[in-house]
Amino acid sequence: MKYYIISGEASGDLHGSNLMKALFKQDEQADIRFWGGDLMQSVGGEMVMHYKERQFMGFAEVILNLRKVLGHMKFCKADIEKFKPDVIIFIDNSGFNLRIAKWAKALNYKTHYYISPQVWASRASRVEKIKQDIDVMYCILPFEKEFYKKYDYDVNFVGHPLIDAIADRPQVDEQSFRKEHNLSDQPIIALLPGSRKQEITKMLGVMLSLVDGFKDYQFVIAGAPSQDFDFYKTFIKKANIKFISNKTYDLLSISSAALVTSGTATLETALFKVPQVVCYKASSISYQIAKRIITLKYISLVNLIMDREVVTELIQGDLNKKRLKKELTAILDTDKREQLFLDYYELEKKLGGRGASENTAKLIYNAVKKKED
């Protein structure tokens, strides 16, 4: 069958690649055309556009680049009509994907959504439109099924794909890794400042302001695959600041603590059992808009899933050198670390077992095949 997959950002590329592997197991003759990244491209199929070409952070940035965004949408619709897929699979990336889904459903394309839009975070009224435009929804967070149930929308909880992605990765030899990347024997504080230039610029400045206060540690920046070293090197001004590109999982596996920009990385860090402080700072305009429409108690996936504060969140004005130093000191303390480890194990149980990608691929294949027959 013919599958058209639309994902965005590094996390969508990761989950999309694992879904594609699972789809090829279900359907060896699968013809897959996709919007994604290097990981999806390594699996097979044909890439239409790389996510690097359409990364815009926050409400203000999207508005400033509206003409480009609309151009991408027009191109996507034309490409779908030319390909004529048996099913369109949307992965996260709701701002773009829900608009394409509305158009696609009106033309009777089969619409499946993997990794639910975060309608539980803001503008829950969108659920009614989602019900109209999305034939089948696959959720990866345990509380989402109950959320949708309130709107009489039956969705599938398939487990979280990060469980598999982390479990299946090759184990790292710590000494070899340190030697390869010129790291000393000092314990590591990992810095995960995000993947977009705007957020990295906002986060790294305050994260690196702590370097002189923790001289027994080395700070290692986890470089995003979407950014070149030339962009990061302007931030690296001291000997105990290191940089490693596109090796975030390997880095987390040997880190003592982490400062993490809110997003999927907070959950990844927790699954590696690394104590963390969650950081978030947006442009003033984007933050003011978000504050008015987001209804959540927490911003990190860790706290949202646990429905209580497990990791400290420093948001906007609270993300400053003084507060960050205090919270980093706290997670380096033995008692705080032990409690975090216990909470992380409970978190992993809530996410369900392995097999999210396989579960989703099987459901997609059987649903579409059944309708074809």
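Which residues does Val310 touch, not counting residues up to four places away in sequence? The first legend answers this. This is a predicted model, in which local features need pLDDT of at least 70, side-chain atom pairs count only at pLDDT 80 or more, and totals for chains, interfaces and linings use all residues. Residues are numbered from 1 along each chain as its sequence is written, and side-chain values use heavy atoms, with hydrogens and water left out.

**View 1. Val310 and the residues it touches.**
Val310 sits in the loop between helix H15 (301-306) and strand S13 (312-315). Helices (H or I, at least four residues) and strands (E, at least two) are DSSP runs, numbered from the N terminus. Beyond residues up to four places away in sequence, Val310 touches Val302, Asn303, Lys336, Leu340, Asp343 and Tyr344. Contact means heavy atoms within 4.5 Å. Val310 counts as buried, at 4% relative accessibility. Buried means under 20% relative accessible area, exposed means over 50%, and partly exposed is in between (1.4 Å probe, protein chains only). Ser300 is 10 residues from Val310 in sequence, and their C-alpha atoms are 9.6 Å apart in space.

**View 2. The whole chain.**
The chain has 18 helices and 13 strands. Its radius of gyration is 21 Å, close to the 21 Å that the globule rule gives for 373 residues, so the chain is as compact as a globular protein of that length. The radius is taken over C-alpha atoms, and the rule is 2.2 Å times the number of residues to the power 0.38. Along the principal axes, the C-alpha atoms fill a box of roughly 65 × 45 × 40 Å. Buried residues make up 55% of the 373 residues. Of the contacts with a separation of 6 or more, 66% are between residues 24 or more positions apart. The accessible surface comes to about 17,400 Å², and 49% of it belongs to carbon and sulfur atoms. Accessible areas come from the Shrake-Rupley method with a 1.4 Å probe; for residues, only the protein chains shown count as cover.

**View 3. Charges across the chain.**
The chain carries 55 positive and 47 negative side chains. Lys and Arg count as positive and Asp and Glu as negative, while His and the chain ends are not counted. The centres of the two sets lie 6 Å apart. Each charge is placed at NZ of Lys, CZ of Arg, CG of Asp or CD of Glu. The structure holds 16 salt bridges. A salt bridge is a side-chain nitrogen of Lys or Arg within 4 Å of a carboxyl oxygen of Asp or Glu.

**View 4. The salt bridge between Arg196 and Glu9.**
The closest N and O atoms of Arg196 and Glu9 are 1.8 Å apart. This pair links distant parts of the chain, 187 residues apart. Arg196 is in the loop between strand S8 (188-192) and helix H10 (197-208), and Glu9 is in helix H1 (residues 9-26). Arg196 is buried, with a relative accessible area of 16%. Glu9 counts as partly exposed, at 28% relative accessibility. Glu9 also has a phi near 70°, a positive value in a residue other than glycine. Most residues other than glycine have a negative phi.

Glu46 forms a salt bridge with Arg33, and their closest N and O atoms are 3.2 Å apart. Glu46 lies in strand S3 (residues 46-50) and Arg33 in strand S2 (residues 31-36), so the pair ties together parts that are 13 residues apart in sequence. Glu46 is partly exposed at 47% relative accessibility. Arg33 is buried, with a relative accessible area of 15%. A network of salt bridges links Arg33, Glu46 and Asp79.

Arg178 forms a salt bridge with Glu174, with the closest N and O atoms 3.0 Å apart. Both lie in helix H9 (residues 174-180), four residues apart, about one turn of the helix. Arg178 is buried at 5% relative accessibility. Glu174 is partly exposed at 33%.

**View 5. Arg126, a buried charge.**
Arg126 is found in helix H6 (residues 126-133). Arg126 is buried yet has no salt bridge. Asp92, the nearest side chain of opposite charge, is 9.2 Å away. Leaving aside neighbours within four places in sequence, Arg126 is in contact with Ser94, Leu98, Gln118 and Val119.
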